[in-house]
Amino acid sequence: SRVVPALAVCATSGQVAGRAAAAVRHTVTMALSKKLLGEGERIVVETRTHWKHVLWPAVLFVLLCFATGAGLALGRPLMPDRVRPWGTLAIVVVALLAFLAWCVAPFSQWLTTTYTITTRRLITRSGILTTRGHDLPLVRITNVTYERSFTDRLLGCGSLTMTTAAEEPLTLVDIPDVERVHLTMTELLFSDSDGRDGRDRRAAT
């Protein structure tokens, strides 16, 4: 019977996480409207940072469930009868606040951070309540490199760095399948069907 409140808290937290994820996923899906694309512009790659960014929030969620269950199962019998309801409420409130701060917020930040490569631009979007965006025209990129640590190679991700003539290099960290994204960027920038630099054709149009 003591385990039931703990299971209920975990189930409630899971339901809250599911609703939050569904709402945020809908927001992300609608973040880049086709109306924002120019005439003849098409999306080539859409991605976000690697799932390892939500690994620790997932681990913390499991630990938080165990800690909440232990607190309810072991702490409630030690409380005086008159303060037991308030003590139970305090444990649940602290657990929910920790769940929102340590699990929902990082997951939402990961889910709402997207990178989109079109035939003309690199588009970055991030933010939960306040959205931040940056568009980098491909014609301004002079070089594209990628870097993968040993851990990145095991997980299948890496950092993609784009150099421009006027600005500081732009680095996108923990990009999934970074080699494929790097190849796609290289083909967009430096090749064309007739062998010319792809940027020359886009600049002419």
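## A charge over a ring

Arg48 sits over the face of Trp110, 5.3 Å from the ring centre. A charge counts as over a ring if NZ of Lys or CZ of Arg is within 6 Å of the ring centre and within 35 degrees of the ring normal. Trp110 is buried, at 15% relative accessibility. Here buried means under 20% relative accessible area, exposed means over 50%, and partly exposed lies in between (1.4 Å probe, protein chains only).

This is a predicted model, in which local features need pLDDT of at least 70 and side-chain atom pairs count only at pLDDT 80 or more, while totals for chains, interfaces and linings use all residues. Residues are numbered from 1 along each chain as its sequence is written, and side-chain values use heavy atoms, with hydrogens and water left out.

## The chain as a whole

The protein chain has six helices and seven strands. Helices (H or I, at least four residues) and strands (E, at least two) are DSSP runs, numbered from the N terminus. Along the sequence, their pattern is α-β-α-α-β-β-β-β-α-β-β-α-α.

Of the 205 residues in the protein chain, 36% are buried. Among the chain's contacts with a separation of 6 or more, 52% are between residues 24 or more positions apart. A contact means heavy atoms within 4.5 Å.

## Aromatic pairs

How many aromatic pairs are there by the rule used here? The count is two. Under that rule, rings of Phe, Tyr and Trp (its six-membered ring) pair if their centres lie within 6.5 Å; planes under 30 degrees apart count as stacked, over 60 as edge-to-face and the rest as tilted. Phe61 belongs to helix 2 (residues 55–75) and Phe99 to helix 3 (residues 84–111), so the pair ties together parts that are 38 residues apart in sequence. Phe61 is partly exposed, with a relative accessible area of 25%, whereas Phe99 is buried at 2% relative accessibility.

The other pair is formed by Phe107 and Trp110, with ring centres 5.7 Å apart and planes at 40°, so it is tilted. Phe107 and Trp110 are three residues apart in helix 3, a separation of about one helical turn. An α-helix has 3.6 residues a turn, so residues three or four places apart point the same way. Phe107 is partly exposed, at 24% relative accessibility.

## Helix 3

Helix 3 has 28 residues and spans 39 Å from its first C-alpha to its last, close to the 40 Å expected at 1.5 Å a residue. The expected span is 1.5 Å times one less than the number of residues.

Where is the kink in helix 3 centred? The kink, of about 35°, is centred on Leu100. The bend at a residue is the angle between axes fitted to the seven residues ending there and the seven starting there. The buried residues of helix 3 include Ala95, Ala98, Phe99, Cys103 and Val104.

## Salt bridges

Side chains of opposite charge can pair when their charged atoms come close. A search of the whole structure finds eight salt bridges, each defined as a side-chain nitrogen of Lys or Arg within 4 Å of a carboxyl oxygen of Asp or Glu. One of them joins Glu41 to Arg121, with the closest N and O atoms 2.9 Å apart. This pair links distant parts of the chain, 80 residues apart: Glu41 is in the loop between helix 1 (3–29) and strand 1 (43–47), and Arg121 is in strand 3 (residues 121–126). Glu41 is buried, with a relative accessible area of 9%, and Arg121 is buried with 18%.

Arg125 forms a salt bridge with Asp135, where the closest N and O atoms are 3.1 Å apart. Arg125 lies in strand 3 and Asp135 in strand 4 (residues 132–137), ten residues apart. Asp135 is partly exposed, with a relative accessible area of 32%. Salt bridges that share partners join Glu41, Arg121, Arg125 and Asp135 into one network. Another salt bridge is formed by Asp81 and Arg84, with the closest N and O atoms 3.2 Å apart. Asp81 is exposed, with a relative accessible area of 61%, and Arg84 is partly exposed at 25% relative accessibility.

## Positive phi values

Asp174 is not a glycine, but has a positive phi of about 55°. Asp174 is in strand 7 (residues 170–176) and is buried, at 11% relative accessibility. Asp177 also has a positive phi, near 50°. Asp177 lies in the loop between strand 7 and helix 5 (178–190) and is partly exposed, with a relative accessible area of 39%.
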